[in-house]
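Have a look at the structure first, then read on.

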Amino acid sequence: MTETTPLRELDVRTVDGCRVLSSPDLGYADGAEQRLYDIVQAASDLSSSSLELAEAATDWGTTYSLVPTRANVVRGLDLPPDAKVLEIGCGCGPITRYLGEQCAVVDSVEPMPARARVARARSRDLTSVEVFVGTLDDVPAVPTYDVVMVIGVLEYVGLGVLDADPYLTFLRQCHAVLKDGGTLVVAIENPLGVKYISGAVEDHTNRPFDSLEGYALQSPARTFPRQVLQGLLADSGFASEVLAAFPDYKLPRAVMNDTMFRASEQLAEGLPRFPSPDYLVPRLNLADEGLTWSTLVASGVAEHFANSFIALATKGSGPRCGRATATRCCSTPSVSPSTRCAARSGAAGTTCTWCVVPSIRSGPGPPVTTCPCGTPSPRPNLWSPAGISSRCSWRSRPAGRSCCGDGRTSSRTPSGPRWTSSRTTSSSLPATSWSPSTRSGATAGTTGTPCCCAASS
Ligand SMILES: C[S@@+](CC[C@H](N)C(=O)[O-])C[C@H]1O[C@@H](n2cnc3c(N)ncnc32)[C@H](O)[C@@H]1O
């Protein structure tokens, strides 16, 4: 496979290691760019799991681009090593770094030179990564890429307008640069997220209830309810699956698909921790987010109220890739984590707290039986909320065997009591006390059983 792309073949000048396609001047900056550049330039461990960088983060601006948890948004995906990836709006490069560690070719495009410069510095030792200053408009509309990543960017492309046109134009451009069978990954907040319902400020405007009120006031960005997002993707030529991310796509610790919601109400209720963190502005404490979530789960509508979505949108109507994972089909990769109904992956070599690898696939290949995160280290996780496990807490089990294999059983069965008043939110619940290992309803698969054991911190 040749490691070039039409974008790489453009004859453009280079500034700070970035190839300059255009000067879009979109005005996006969070003020942390210079500090991030200084930190990254001085760092010796630039990896996506770098504790050195995590420890250098001092505020939300630096945390957002430095902590390993950022890459969890794509860690659950099956990204083949030879994939060609286009990343639009790479910012200061935390996802770029992870993609560059995984895949042969990563073209990352960012309109803000100061941010592109940090992304370039973060991946300076990776030959797989090229960073460009520009936008998707500058990328030749040639079907080149196996995967296009749009992480926290779609909401900005229309500059806050409510009209669908700019978002459709953008998504159709993504479609044009993907190979047939390729996948567009879109991570974005949900305007109907349970944290917003319970009083958290909207992430882009810092105003409570802003997205629920349809962005009635001016906003630099807008997000989309699940069905609207899927409608935009369908109108752009994509078939999509939508995953729910908690506490959000920014620092995900739980990612759940629809099978998960249907398979186990207990998992859907218990995997997220509440309240979700307020990164910049404290919320109005108007409702208990955890109790609200429990009600939504019990009502069978919870997937519409996740705080963030990760949409996996596929181009083309050729032979489907089935539900296999880490396999190739139709000469393009399937990135859908179809064997994982939920995942909370720690960075390799660091903490791994949640890993669910249920055997729900019907495709070929042996059942996945190990945690995808590799060997966890005994180091505590420095950047996640308190109370997390220092080891893998979910793993698959042989059919017919005890889920945890250590004698632990669930204190909370399908017919058992719901959360008691002393445990008003799942975040206050010791993880060991709610293992659904005895719950047959949690079994989603045909070729095994879901992993369902919980471990304490
Ligand atoms: C919330 S940040 C996300 C950055 C990165 N994807 C990440 O997850 O760390 C949004 C980024 O999108 C960029 N952006 C804004 N409008 C854009 C557009 N129309 N096309 C491409 N990128 C855009 C901004 O400059 C900014 O770096």
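Buried residues account for 54% of the 457 residues in this protein. Here a residue is buried if 20 or more other C-beta atoms, placed from the backbone, lie within 10 Å of its own. Keep in mind that this is a predicted model: local features need pLDDT of at least 70, side-chain atom pairs count only at pLDDT 80 or more, and totals for chains, interfaces and linings use all residues. Residues are numbered from 1 along each chain as its sequence is written.

The protein has twelve helices and 14 strands. Both are DSSP runs numbered from the N terminus, with helices (H or I) having at least four residues and strands (E) at least two. Of the contacts between residues at least 6 apart in sequence, 72% join residues at least 24 apart. A contact means that two C-beta atoms, placed from the backbone, lie within 7 Å.

Now for helix α6, which covers residues 113-122 and has eight of its ten residues buried. Among those buried are Arg115, Arg117, Arg120 and Arg122. What do the buried residues of α6 pack against? Their partners are β2 (18-20), α1 (33-42), α5 (94-102), β4 (105-110) and β5 (129-133).

Two helix pairs can be set side by side. Two packed helices are described by the angle between their axes and the distance between the axes. The axes are lines fitted to C-alpha atoms over the stretch in contact, and angles run from 0 to 180 degrees between N-to-C directions.

| Helix pair | Angle | Axis distance |
|---|---|---|
| α1 and α6 | about 15 degrees | 9 Å |
| α7 (165-177) and α9 (226-235) | about 55 degrees | 9 Å |

The angle makes α1 roughly parallel to α6, a label for angles under 35 degrees. On the α1 side, the contact includes Glu33, Leu36 and Tyr37, and on the α6 side it includes Ala114, Arg115 and Val118. By class, the residues of this contact are six nonpolar, one polar and four charged. Ala, Val, Leu, Ile, Met, Phe, Trp, Tyr, Cys and Pro count as nonpolar, Asp, Glu, Lys and Arg as charged, and the others, Gly among them, as polar.

In the other pair, Tyr167, Leu168 and Leu171 of α7 meet Leu232, Leu233 and Asp235 of α9. That contact has five nonpolar residues, no polar ones and one charged.

Finally, the ligand: 20 residues surround it, and the closest are Tyr28, Gly89, Gly91, Gly152 and Tyr156. To count, a residue needs its C-beta atom, placed from the backbone, within 6 Å of the molecule. This shell holds 13 nonpolar, five polar and two charged residues.

Key:
Buried ≥ 20, exposed ≤ 12 C-beta atoms within 10 Å, placed from the backbone. Parallel < 35°, antiparallel > 145°, perpendicular 65-115°, else oblique.
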